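Subject: Structure handover

Hello,

Please find the structure below.

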Amino acid sequence: YTILSKAHSDRNVYPSAGVLFVHVLEREYFKGEFPPYPKPGEISNDPITFNTNLMGYPDRPGWLRYIQRTPYSDGVLYGSPTVENVGKPTIIEITAYNRRTFETARHNLIINIMSAEDFPLPYQAEFFIRNMNVEEMLASEVLGDFLGAVKNVWQPERLNAINITSALDRGGRVPLPINDMKEGVYVMVGADVPFSSCLREVENPQNQLRCSQEMEPVITCDKKFRTQFHIDWCKISLVDNTKQVSTFQEVIRGEGILPDGGEYKPPSDTLKSRDYYSDFLITLAVPSAIALVLFLILAYIMCCRREGVEKRNMQTPDIQLVHHSAIQKSTKELRDMSKNREIAWPLSTLPVFHPVTGEIVPPLHTDSYDNTSMPLMQTQQ
């Protein structure tokens, strides 16, 4: 069902096109490439990470993925080779980094893709398993148990695991770190016989109505998976390549293989010099010239086109100027007269108690003092 191999120096592997390929990078093997701890007898548990890329290129081929959850877990290369790569040896450079000593070790993995018989399988089904992560599903015993359950339900003569894709690669969200929640994984399998009645139960109108209401559909064969795998039957995809029509899902997801973007073409080492004079004129010179013209126009309007006081007086009638001058003179006389007043302060404004001793202060004027004869305003001179 799948091809598993351990990491070795310049190892040759022979996967088949259209069949899931899995290659495990074991930390135990690469520990021998790094010196042990200074203390003899102490068990080495260095954090080791891996970098994988196609020889001569910065990244891997489009069909090949890599995952390593932590520096203390093994790395896994997995993917489904395409027919276009048949007969072309693919050399993957594997570089191991020791995060304690910062040393590296490099090995090559030569992938020779072989053509598979009856490829592709005409009937393909994709399951979404909610209680699994991609690295857990890639384990040989777990994947074998799942294929065994599918074989009991489907009863095909030939069954292959085509591809495995993490739900995060399909736009899923990272689950919360509570209750041991999993991110979920999509598993696509192919067979040579039509789909069984159990798998087609998802097409029933009752089950489709329950899926639209976000309820679990009623599937008779779900109990054969439930003991180990929690399948979301509303997300199952059944593809019949003999009719080129999807029997359940509205949009065909495909085989989950990343599109081939072609070979990487780095930029040339010799770059031509570029003239930035025109960019300077457009960016700085032209806006500055426009701003200067606008400033000169505004300065002419504000400074050279002012009417002034003389022009205003010439356009004002004489009688209006006389009235205005008379009002100003009268106002000035009233202000001068108010400043020259010498009237005694009212008794209500005088202090009653001494500010220091607190004794009652007698008024400045006696009770017989006549203040009615005091003029309120001085005689005009």
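A disulfide here is a pair of cysteine sulfur atoms within 2.5 Å. The model is predicted, so to speak of a local feature a pLDDT of at least 70 is needed, and side-chain atom pairs count only at pLDDT 80 or more, while totals for chains, interfaces and linings use all residues. Residues are numbered from 1 along each chain as its sequence is written, and side-chain values use heavy atoms, with hydrogens and water left out.

Disulfides

The structure holds 2 disulfides. With the bonded cysteines numbered in sequence order, the pairing is 1-3, 2-4.

One of them joins Cys-198 and Cys-221, with the sulfur atoms 1.5 Å apart. The link of Cys-198 and Cys-221 is left-handed, with -80° about the S-S bond. Cys-198 is in the loop between β10 (185-191) and α4 (205-212), and Cys-221 is in the loop between α4 and α5 (223-226), so the bond ties together parts that are 23 residues apart in sequence. Helices (H or I, at least four residues) and strands (E, at least two) are DSSP runs, numbered from the N terminus. Cys-198 is buried at 8% relative accessible area, and Cys-221 is buried at 5%. Buried means under 20% relative accessible area, exposed means over 50%, and partly exposed is in between (1.4 Å probe, protein chains only).

Cys-211 and Cys-234 form a disulfide too, with their sulfur atoms 2.2 Å apart. The torsion about the S-S bond of Cys-211 and Cys-234 is about -85°, so this disulfide is left-handed. Cys-211 belongs to helix α4 and Cys-234 to the loop between α5 and β11 (237-240), so the pair ties together parts that are 23 residues apart in sequence. Cys-211 is buried, with a relative accessible area of 17%, whereas Cys-234 is partly exposed at 23%.

Away from these pairs, Cys-303 is exposed, with a relative accessible area of 60%.

Glu-201

Glu-201 sits in the loop between β10 and α4. Glu-201 is buried but has no salt bridge, and the nearest side chain of opposite charge, Lys-224, is 10 Å away. For charge, Lys and Arg count as positive and Asp and Glu as negative; His and the chain ends are not counted. A salt bridge is a side-chain nitrogen of Lys or Arg within 4 Å of a carboxyl oxygen of Asp or Glu. Neighbours within four places in sequence aside, Glu-201 is in contact (heavy atoms within 4.5 Å) with Asn-207, Val-218, Ile-219 and Thr-220.

Salt bridges

The whole structure has 11 salt bridges. Among them is the pair of Arg-65 and Asp-169, at 3.8 Å from N to O. Arg-65 lies in strand β4 (residues 64-67) and Asp-169 in the loop between β9 (159-166) and β10, so the pair ties together parts that are 104 residues apart in sequence. Arg-65 is buried at 10% relative accessibility, whereas Asp-169 is partly exposed at 47%.

Arg-226 forms a salt bridge with Asp-222, the closest N and O atoms being 2.8 Å apart. Arg-226 is partly exposed at 31% relative accessibility, and Asp-222 is buried at 13%.

Lys-332 and Asp-336 form a salt bridge at 3.4 Å, N to O. Both lie in helix α8 (residues 318-339), 4 residues apart, about one turn of the helix. Lys-332 is exposed at 55% relative accessibility, and Asp-336 is partly exposed at 34%. Separately, Arg-69, Glu-135 and Glu-183 are linked in a network of salt bridges.

The sheet

An open sheet of 4 strands runs in the order β1-β7-β6-β3, with mixed pairing. β1 (11-13) and β3 (48-54) are at the edges with a single partner strand each, so one side of each is left without a neighbour in the sheet. Two strands pair if DSSP finds at least two bridges between them.

β3 pairs with β6 (residues 90-98) in the antiparallel sense over 7 bridges. Phe-50 stands opposite Ala-96 in β6, and Leu-54 has Ile-92 of β6 as its bridge partner. In β3, 5 of the 7 residues are buried, so the strand is largely enclosed by the rest of the structure.

Phe-30

Phe-30 lies in helix α1 (residues 27-31) and is buried, with a relative accessible area of 1%. Phe-30 and Thr-95 are 65 residues apart in sequence and 10.0 Å apart in space, C-alpha to C-alpha.

Regards
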